[in-house]
Amino acid sequence: MQNNKLNLPKESFRLQIKDLAEDVRMKFARKGLSDIFDILSEAAFLIRKPLDTDELSGFSTYFEEQFIVYLNSNFTLGHERYTGAHELYHLIYNADILKKEKILLDDEKHKAEDAKADVFASEFLMPEDYVKEVFYKIVNVDKYSILPRHIIRMHNYFKVSYKAMLKRLIQLNLCSIDKYEELVDICSLENTELLQSLTRREGYSIDLITPSRETYVPKEYIEFIKTNYERGNISYKNMKNSLEFIGLAPEQFGYEYPLEEDY
């Protein structure tokens, strides 16, 4: 099998993006932030919410002078974290485009930036030197002897998906590309229960390989809605819809449906 069939970037391109990822990681490390969700919360208005679609993993936008990142928590947690790192690239390196166009559409015009964001996510979540260090510490077998349990140990350590970890090990020549078809089959939908069983057998929870279906918005979102309703900037219906978006209701905050003449 050839590298290009796994959609792995050319080495010169990867090394270029690796430098960008290291710069961003250091920037947030100086603030004491390392988890991708914490970093996104610092850099933007982060919303995590399940959507009934597998067509949209997430997106970034710019609205009322605020960057917003939306992640679909209906994907596995490992996938969602990878999407978060992908969106972090857009926030840092495509800020001007977002301010001008509001959103980066998945089209030919932005194809090059999307490709960079994918490589960035891999380099950001799975730093090359540290992956090698951890690999030799908890796996340490030759690249032709990698088994699913080895991938499971590694992807749980770096909190990414099984498939993302497998591709990263191949990219860093820690796993033979000839093993890809055999190893990737374990994370297919048909083998969901098998992967969960193997994960538990290795002593890990299955959180990374199942959807979190988390609904998270900053507290500022709720305060923003309440304040605007109380000031008469939005109607009761708009407030109700905005709260229902995050699984809440006006009654939980003491708001009753207004009389018709007051509405």
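**Entry 1. Helix H10**

I began with helix H10 (residues 192-201), whose buried residues are Leu195, Gln196, Leu198 and Thr199. These residues span an arc of only 165° around the axis, so they fall on the same side of H10. I took the arc from the directions that run from the helix axis to the C-beta atoms. Helices here are DSSP runs (H or I, at least four residues), numbered from the N terminus. I used "buried" for under 20% relative accessible area, "exposed" for over 50% and "partly exposed" for values in between (1.4 Å probe, protein chains only).

The model is a predicted one, in which local features need pLDDT of at least 70 and side-chain atom pairs count only at pLDDT 80 or more, while totals for chains, interfaces and linings use all residues. Residues are numbered from 1 along each chain as its sequence is written, and side-chain values use heavy atoms, with hydrogens and water left out.

I then looked at the face of H10 turned away from its buried side and found the exposed residues Glu193 and Arg201 there. The buried residues of H10 pack against helix H7 (148-158) and helix H8 (162-171); contact means heavy atoms within 4.5 Å. For Thr199 I noted a relative accessibility of 1%, which counts as buried. Leaving aside residues up to four places away in sequence, Thr199 touches Ile152, Asn156, Tyr204, Ser205, Ile206 and Ile209. Just after H10, I recorded a positive phi of about 90° at Gly203.

**Entry 2. Salt bridges**

How many salt bridges does the structure hold? I recorded 14 of them, each a side-chain nitrogen of Lys or Arg within 4 Å of a carboxyl oxygen of Asp or Glu. Side chains of opposite charge can pair when their charged atoms come close.

I looked up Glu11 and Arg14, whose closest N and O atoms are 2.8 Å apart in a salt bridge. The two residues are 3 apart in helix H1, so about one helical turn separates them. Glu11 is partly exposed at 41% relative accessible area, whereas Arg14 is buried at 1%.

I next noted the salt bridge of Lys132 with Glu128, at 3.1 Å from N to O. Both lie in helix H6 (residues 128-138), 4 residues apart, or about one helical turn. Lys132 counts as partly exposed at 29% relative accessibility, and Glu128 counts as buried at 11%.

In helix H11, Glu223 and Lys226 are 3 residues apart, about one helical turn, and their side chains meet in a salt bridge of 3.5 Å, N to O. I have Glu223 as partly exposed at 42% and Lys226 as buried at 17%. I also traced one network, in which salt bridges that share partners join Glu11, Arg14, Lys18, Glu123, Glu128, Lys132 and Arg168.

**Entry 3. Aromatic rings**

I recorded 14 aromatic pairs in the structure. Rings of Phe, Tyr and Trp (its six-membered ring) pair if their centres lie within 6.5 Å; planes under 30 degrees apart count as stacked, over 60 as edge-to-face and the rest as tilted. Tyr89 and Tyr93 form a tilted pair because their planes stand at 35°, with ring centres 5.2 Å apart. Both are in helix H3 (residues 77-93), 4 residues apart, about one turn of the helix.

I then turned to Tyr229 and Tyr255, an edge-to-face pair at 5.4 Å centre to centre and 80° between the planes. Tyr229 belongs to helix H11 (residues 219-230) and Tyr255 to the segment after helix H12 (236-244), so the pair ties together parts 26 residues apart in sequence. Tyr255 counts as buried at 12% relative accessibility. Ring pairs also link Tyr89, Tyr93, Phe120 and Phe124 into a cluster.

At Phe37, I found the charged end of Arg48 over the ring, 3.9 Å from its centre. Arg81 lies over the face of Phe37 too, at 5.8 Å from the ring centre. The criterion is NZ of Lys or CZ of Arg within 6 Å of the ring centre and within 35 degrees of the ring normal.

**Entry 4. Cysteines**

I found 0 disulfides, a disulfide being a pair of cysteine sulfur atoms within 2.5 Å. Cys175 is in none, and the nearest cysteine sulfur, that of Cys187, is 12 Å away, too far for a bond. Cys175 is buried at 1% relative accessible area, and Cys187 counts as partly exposed at 27%.
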